[in-house]
Amino acid sequence: ENQGFDVAKVTMDQQVPEDINIIVISDMREWCTPEQEANLQQYIDRGGNLFILGEPKRRDVMNNLFAKFGYEMTTGVLVKRDTNLQADVILSYPTKEADSIAYDFGAMRSRRMVITTPSTAGLEQIADKGYTVTNMFKTDTIGVWNELETTDFIDDTVRLNPAIGEVEKIYNTVVALSRKVGNKEQKIILTGDADCISNGEFGRRVPGVRTANFSLITGSFFWMSDNEVPIDVRRPYAIDRKLFVGETGAEILDYALLGVFPGLLLFLSLFIWLRRRGR
């Protein structure tokens, strides 16, 4: 609310009002009724924007929604052996492609910042629904897999077991989708984790790593609001950042800096010293 948006609670028991431009759906516990699904589909068909946050424990429910956009959440919970973090707390890195979504993500990448995605699932495309896909955040290049056996990540130790379907690879954790609907561009963001934008993750500190989970919110909504809010307060770089001096100018500066200015300082210091001595 303090970023420039008007916020309202919306239910799918009736058609979504026309003045609603972005809907956030997070961690669904049960699937829609036929009437609710019809109202949601009507909003999607009209080109409404969506920010959809899944959770591995709600996979069966959330995949009904993700499937509308050609995606599904992977089975299990993504884990990594890391001495600094609990196994199911995954660091997600901004991709180069995310720069096209919002300047926040380009700034994160240049500063080597990440977001924390605890208890997340990966996102995999299962069908082409006509959307342009931008993979925004990915897991580390090595050592991440979908854990299917271990559930106690505090006291137990995770072990990769390919025999039961655990796969070690790079997983997408945040994906952006866009398409033209009439005269507007529909924008949708999918995540495999809902806790990544919770207050708890804003305050998490990871040794040796700079986290910026709040940038996921500001950057995502900046894109979905067609760059309206949060207000972009950046300023253009200065045009004149160099001063070229010719041979004559260099000679004048040489005399001034090595002779005139030191002479003035010497004169002023003697003047002040003599006045004080006279008093």
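Leu264 is found in helix H6, residues 247–278. Please keep in mind throughout that this is a predicted model. With a relative accessible area of 45%, Leu264 is partly exposed. Leu264 also belongs to a nonpolar surface patch, together with Leu243, Val245, Leu253, Leu257, Leu258, Val260 and Phe261. The accessible area of that patch comes to about 830 Å².

Let me turn to helix H5, which covers residues 213–224. Among the buried ones are Asn213, Phe221, Phe222 and Trp223.

Asn213 brings us to Ser198: the two are 15 residues apart in sequence, and their C-alpha atoms are 8.7 Å apart in space. Ser198 lies in the loop between strand E11 (184–191) and helix H4 (199–202). Its relative accessible area is 25%, so Ser198 is partly exposed. The side chain of Ser198 reaches the backbone oxygen of Asp195 at 2.7 Å.

I now come to the charged pairs. Side chains of opposite charge can pair when their charged atoms come close. A search of the whole structure finds 10 salt bridges. In one of them, the side chains of Lys68 and Glu37 meet at 3.1 Å, N to O. Lys68 sits in the loop between H2 and E3 and Glu37 in helix H1, so this pair ties together parts that are 31 residues apart in sequence. Glu37 is partly exposed, at a relative accessible area of 27%.

A further salt bridge joins Glu124 and Lys169, at 2.7 Å, N to O. This pair links distant parts of the chain, 45 residues apart: Glu124 is in strand E7, and Lys169 is in the loop between strand E9 and E10. Glu124 is partly exposed at 27% relative accessible area, and Lys169 counts as partly exposed at 34%.

Lys187 forms a salt bridge with Asp226, and the closest N and O atoms are 2.9 Å apart. The partners are 39 residues apart, with Lys187 in strand E11 and Asp226 in the loop between H5 and H6. Asp226, at 48%, counts as partly exposed. Elsewhere, salt bridges that share partners join Asp27, Arg29 and Arg58 into one network.

Finally, some backbone geometry. Asp226 follows H5 and has a positive phi, near 60 degrees. Phi is also positive in Asp27, near 55 degrees; Asp27 is in the loop between E1 and H1 and counts as buried at 14% relative accessibility. Arg112 has a phi near 60 degrees and lies in the loop between helix H3 and strand E6. At 75% relative accessibility, Arg112 counts as exposed. A cis peptide bond joins Val229 and Pro230, with omega about -5 degrees, and Pro230 is found in the loop between H5 and H6.

Definitions and conventions:
Residues numbered from 1 in each chain as written. Predicted model: local features only at pLDDT ≥ 70, side-chain atom pairs only at ≥ 80, totals over all residues. Heavy atoms only, no water. Patch = residues over 30% accessible without salt bridge, like charges linked within 9 Å, V, L, I, M, F, W, Y side chains within 5 Å. Areas by Shrake-Rupley, 256 points an atom, 1.4 Å probe, with all protein chains shown as cover. Salt bridge = Lys/Arg side-chain N within 4 Å of Asp/Glu carboxyl O. Helix = DSSP H or I, 4+ residues; strand = E, 2+ residues; numbered from the N terminus. Buried < 20%, exposed > 50% of the residue type's maximum accessible area, 1.4 Å probe, protein only. Polar contact = N/O pair within 3.5 Å; in protein donor to acceptor, adjacent residues only side chain to side chain. Expected span 1.5 Å × (residues − 1).
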